[in-house]
Amino acid sequence: MIAKELISAIESGQYDASLKAVYVTDAAVAAQKPRYIEAVRSFGELFGEEREVNVISAPGRTEICGNHTDHNNGKVVAASINLDAIAVVSKNSDNTIRVKSKGHRMNVVDLADLEPKKERYGDSTSLVQGVAAGIKDLGFTVGGFDAFTTNDVMGGSGLSSSAAFEVLLGSVLSFIYNDGAISAVDIAKVAQYSENVFFGKPCGLLDQMASSVGAIVNIDFESVEAPVIKKIEFDFTKTGYSLCIVDTGGNHSDLTDDYAAVRSEMEDVAKALGKKVLREISYEEFFAALPVLKDKVNDRALLRAIHFYNENRRVDECVNCLENGDFEGFKQVILESGYSSYMLNQNVYTPKNPTEQKISLALAISAELLKGRGAWRVHGGGFAGTVQAFVPNDLLEKYKSTIEGVFGEGSCYVLIIRPVGGYQVI
């Protein structure tokens, strides 16, 4: 459909069913329609309202269990959420990708130049370039397109706005040039490749995989080339609890070294035992080697390794609880995961600035409000950012008002788990 006609089609409700397949509730659909209309209108102003367009979406994700395990080939439980990145997109014939994201400059990539360059590290244009290169390397068709994107996954929130953007780009190339034939797993791998090789950030695969696959998923990264993915059938809406993410508003500058140190220190332990990652070593072998390891790696590395092994076990327990409808057991697993991240993995504040502990404060407030009933933990990479909480619905208003009284209006997000990953909505 051409852009100028799509606006009236969205307004008239022609695409309500398609939107509901993504956003789940009628209220969420109603909230999304003005956003979609604005995005289509912005595309028309930039690239022409007579262009044939599609609208493609990729979600943010919430990490339910498995904190900092993916980069050492561990296990996770994650879910896609109703916050997402969308692209209004149209093919072009000039072998160039142009992506204008709301509030940002235009990213322009010449598809004749798909080589990574260190001087482009940290530039969002390199993410576009890297996704195109990764899709091409897999043998799929890559061509030019023009896109306007908007992303309501909060940056720095631990909900993976960057992964949503990367998966969105891969999904665009899949749907408009390859009839949707690129698998969700391959799109996730390409997104990670782009971030690692072109953007220069040493991330794991969790964020991209959870965004690309969608719903609640258990992912085992023992083989990064062929991760085992299992969708978990569990309806959170029937528990009497709400899933909340608290944005603590911490300072996110200069945290790359902190994130990288978690991975590198776990890998230092593995290397001291002749392996590449911790998953290649049994817990029993690791624990027996502690007398030797203490002289080869730093103490924090050993604590983080203990976290890794126990967190993998907790992921299995989490899956078992969800599959058997044991929500009380599930909450206990989440609490244990949170305590381990706090005390062993030590990713609730940066040692560069130990007096700024907004995540620690949010965890303490959550404990005061939810003790004995709910569950709470650091969410995502940590050091600054967000806390996840499972809040009884009868305490939701009190929890939300208290949190927002401390961290500001709008800092507590009540999320919906979305049933699909990268998806062509229109």
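Y283 counts as partly exposed, because its relative accessibility is 30%, between the 20% and 50% limits for that class. The model is a predicted one.

**Aromatic rings**

- Y283 and F287 both belong to helix α9, residues 283-288. They are four residues apart, about one turn of the helix.
- F287 is also partly exposed, because its relative accessibility is 44%.
- A pair of aromatic rings is described by the distance of the centres and the angle of the planes.
- The count of aromatic pairs comes to 17. For Y283 and F287, the ring centres are 5.6 Å apart and the planes meet at 35°, so this pair is tilted. The tilted class lies between stacked, under 30 degrees, and edge-to-face, over 60.
- One aromatic cluster is formed by F234, F236, Y241, F327, F330 and F390.
- A charge also sits over a ring: K91 lies over the face of Y177, 4.7 Å from the ring centre.

**The buried histidine H307**

- H307 is found in helix α11, residues 299-323.
- H307 has a relative accessible area of 0%, so it is buried.
- A polar atom of the H307 side chain lies 2.8 Å from the backbone oxygen of N67.
- Beyond its neighbours within four places in sequence, H307 is in contact with several residues, including M266, R314, S340 and L344. N67 is also one of these contacts.

**Helix α2**

- Helix α2 covers residues 16-23, and L19, V22 and Y23 are buried there. These residues lie on the same side of α2, because they cover an arc of only 80° around the axis.

**Strand β6**

- Strand β6 runs over residues 216-220, and five of its five residues are buried.
- I216, N218 and D220 point one way from β6. V217 and I219 point the other way.
- β6 pairs with β2 in the antiparallel sense, over five bridges. In this pairing, A78 stands opposite V217.
- β6 also runs antiparallel to strand β7, residues 228-231, and four bridges join them. The bridge partner of D220 in β7 is V228.

How values were computed. Residues numbered from 1 in each chain as written. Predicted model: local features only at pLDDT ≥ 70, side-chain atom pairs only at ≥ 80, totals over all residues. Heavy atoms only, no water. Phe/Tyr/Trp six-rings, centres within 6.5 Å; stacked < 30°, edge-to-face > 60°. Helix = DSSP H or I, 4+ residues; strand = E, 2+ residues; numbered from the N terminus. Buried < 20%, exposed > 50% of the residue type's maximum accessible area, 1.4 Å probe, protein only. Lys NZ or Arg CZ within 6 Å of the ring centre and 35° of its normal. Polar contact = N/O pair within 3.5 Å; in protein donor to acceptor, adjacent residues only side chain to side chain. Contact = heavy atoms within 4.5 Å. Arc of directions from axis to C-beta. Pairing = 2+ DSSP bridges.
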